[in-house]
Amino acid sequence: ERVVAGDKVTFYPSQEECERIAGTGNSESYTTSFDYEMRDQDDKTTDTATITITVLCDRNPPIPDDPVYETPEDTPVPITPGGEDPDDPRPVTVTKVGPPESSVPGVPPGTLTGGPGNPVFTPNPE
C-alpha cells in the first residue's frame with residue numbers, strides 16, 4: 001500500500017516489551033526504529049530516512065486494599081490482604097505482612113502466624 005506524505009501511520013507500542021523490561025534495573029522505556037522511503041511525484045528519485053520512537057512505559061505501583069476486621073479477644077481471624085495492579089489485570093502477590101501494632105500503649109497486640117499469602121491474627125488474651 002502506498003502512503004502519501006502527510007498520511008497518518010499509527011505505531012502501537014508493545015505492552016509485552018514494557019512488561020519484559022520492568023524490574024530489570026534498566027530504565028523503563030524502550031526504543032524502536034524503522035526506515036521509510038520517499039519517492040517524488042514522477043517516481044524518478046527516492047530517499048530514505050529512519051524514524052525512531054522511544055516508548056516510555058507507565059509502571060504504576062500496585063494499590064493495596066485497606067481491609068478492617070473485628071474479632072472477639074480470644075478468636076483468631078484469617079486475614080485476606082489484597083489489591084490490584086493498575087497496569088496488569090493479573091492478581092498481585094503479597095510479599096510481607098506484619099508485625100501487628102497495638103493502639104493501646106503497653107498492651108501487646110497479639111500474634112500473626114502464617115505467611116504473606118495466608119496470615120492469621122490472634123489477639124492477645126489479656
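Modeller: Start with a term: a strand here is a DSSP run of E, at least two residues long, and strands are numbered from the N terminus. Keep in mind that the model is predicted.

Now the patch. Phe11, Phe34, Tyr36, Met38 and Ile51 make a nonpolar surface patch of about 410 Å². Strand E1, residues 29–39, gives the largest share, three residues. Tyrosine 36 sits in strand E1. Its relative accessibility is 35%, so tyrosine 36 counts as partly exposed. Patch residues need over 30% relative accessible area, so tyrosine 36 passes that cut-off.

Next, the partner of E1. Strand E2 covers residues 46–56. E1 and E2 pair in the antiparallel sense, over 11 bridges. Aspartate 35 of the model faces threonine 50, which is in E2. The two strands, E1 and E2, form a hairpin. Six residues lie between them. In that turn, aspartate 43 has a positive phi of about 60°.

Then the charges. The salt-bridge count comes to one. Arginine 39 and glutamate 37 form a salt bridge through their side chains, at 3.1 Å from N to O. The cut-off is 4 Å, so this pair qualifies. Arginine 39 has a relative accessible area of 43%, so arginine 39 is partly exposed. Glutamate 37 is partly exposed too, with 47%.

Technical notes. Residues are numbered from 1 along each chain as its sequence is written. This is a predicted model: local features need pLDDT of at least 70, side-chain atom pairs count only at pLDDT 80 or more; totals for chains, interfaces and linings use all residues. Side-chain values use heavy atoms; hydrogens and water are left out. Patches are made of residues with over 30% relative accessible area and no salt bridge: like charges are joined within 9 Å, nonpolar side chains (Val, Leu, Ile, Met, Phe, Trp, Tyr) within 5 Å. Accessible areas come from the Shrake-Rupley method with a 1.4 Å probe; for residues, only the protein chains shown count as cover. Helices (H or I, at least four residues) and strands (E, at least two) are DSSP runs, numbered from the N terminus. Buried means under 20% relative accessible area, exposed over 50%, partly exposed in between (1.4 Å probe, protein chains only). Two strands pair if DSSP finds at least two bridges between them.
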